[in-house]
Amino acid sequence: MPYVSRSVGGAIDGSYEQWQEGVAEEFLSDDDPAVGAFRDTSPEVFSVSARQFRLMLRRAGLLDQVKAWVAQQDGETQDAFEYSGTFVKDSPMMAAGFAAMGFTPLQIDGFFAAAAKL
């Protein structure tokens, strides 16, 4: 049975085993529908490892296209693609790359969510 915190809109945004003064003071049963809905939602993915990102590019058939795009960019972008350990969804390089590939914001979210599972 969790203690929960809620966002300004009233939706559950956190679940805790113990009471958290000023944060999570509302106690709900495990079978409460709101608790189940919170647990069933996937957290938004903001970054993935380089391995996850590159594997997802390969699985999506985009690796060669992205490498070609990166090769036409400045040295910093090339270095970032080659040597970054983490790829952050909202970084300027990611925004430019996904725009060049014609991705919508929903498609970008889906790409990162899928990559996070690899």
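This is a predicted model: local features need pLDDT of at least 70, side-chain atom pairs count only at pLDDT 80 or more; totals for chains, interfaces and linings use all residues.

**Reading burial, pairing and packing**

Reply: K89 counts as buried, because its relative accessibility is 6%. Residues are numbered from 1 along each chain as its sequence is written, and side-chain values use heavy atoms, with hydrogens and water left out.

Me: What does the side chain of K89 meet in a salt bridge?

Reply: Side chains of opposite charge can pair when their charged atoms come close. The partner of K89 is E44, at 3.0 Å from N to O; a salt bridge is a side-chain nitrogen of Lys or Arg within 4 Å of a carboxyl oxygen of Asp or Glu. This pair links distant parts of the chain, 45 residues apart: K89 is in the loop between β5 (86-88) and α5 (92-100), and E44 is in the loop between α1 (33-40) and β4 (47-49).

Me: How many salt bridges does the structure hold?

Reply: The structure holds four. Among them is the pair of R6 and E26, whose closest N and O atoms are 2.7 Å apart. R6 in strand β1 (residues 3-6) and E26 in strand β3 (residues 26-27) are 20 residues apart, and their pair links distant parts of the chain. R6 is partly exposed because its relative accessibility is 36%, and E26 is partly exposed because its value is 29%. Another salt bridge joins the side chains of R39 and D30, at 3.4 Å from N to O. R39 is partly exposed at 47%, and D30 is partly exposed at 41%.

Me: At what angle do helix α2 and helix α6 pack?

Reply: Two packed helices are described by the angle between their axes and the distance between the axes. Helix α2 (residues 50-59) and helix α6 (residues 105-116) pack at about 115°, with their axes 9 Å apart. An axis here is a line fitted to C-alpha atoms, for helices over the stretch in contact, and the angle runs from 0 to 180 degrees between N-to-C directions. The two helices, α2 and α6, are therefore roughly perpendicular to each other, a word that covers 65 to 115 degrees.

Me: Which residues make the contact of α2 with α6?

Reply: On the α2 side they are Q52, F53, M56 and L57, and on the α6 side F111, F112, A114, A115 and A116; contact means heavy atoms within 4.5 Å. By class, this contact has eight nonpolar residues, one polar and no charged. Nonpolar covers Ala, Val, Leu, Ile, Met, Phe, Trp, Tyr, Cys and Pro, charged covers Asp, Glu, Lys and Arg, and polar covers the others, Gly among them. To take one of these residues, A114 is partly exposed, with a relative accessible area of 28%. The C-alpha atoms of A114 and M56 are separated by 7.4 Å, although the two residues are 58 residues apart along the chain.

Me: How do helix α3 and helix α4 cross?

Reply: The axes of helix α3 (residues 63-71) and α4 come within 8 Å and cross at roughly 145°. In this pair V66, K67, W69, V70 and A71 of α3 meet T77, Q78 and F81 of α4. The residues of the contact divide into five nonpolar, two polar and one charged.

Me: Is T77 buried or exposed?

Reply: T77 is buried, because its relative accessibility is 15%. Apart from its neighbours within four places in sequence, T77 is in contact with W69, V70 and M93.

Me: Which residues is S5 in contact with, leaving aside its neighbours within four places in sequence?

Reply: They are A11, I12, D13, G14, Y16, V23 and A24. S5 lies in strand β1 and is buried, with a relative accessible area of 7%. By C-alpha positions, S5 and A99 are 36 Å apart in space, and they are 94 residues apart in sequence.

Key. Helices (H or I, at least four residues) and strands (E, at least two) are DSSP runs, numbered from the N terminus. Angles under 35 degrees count as roughly parallel, over 145 as roughly antiparallel, 65 to 115 as roughly perpendicular and the rest as oblique. Buried means under 20% relative accessible area, exposed over 50%, partly exposed in between (1.4 Å probe, protein chains only).
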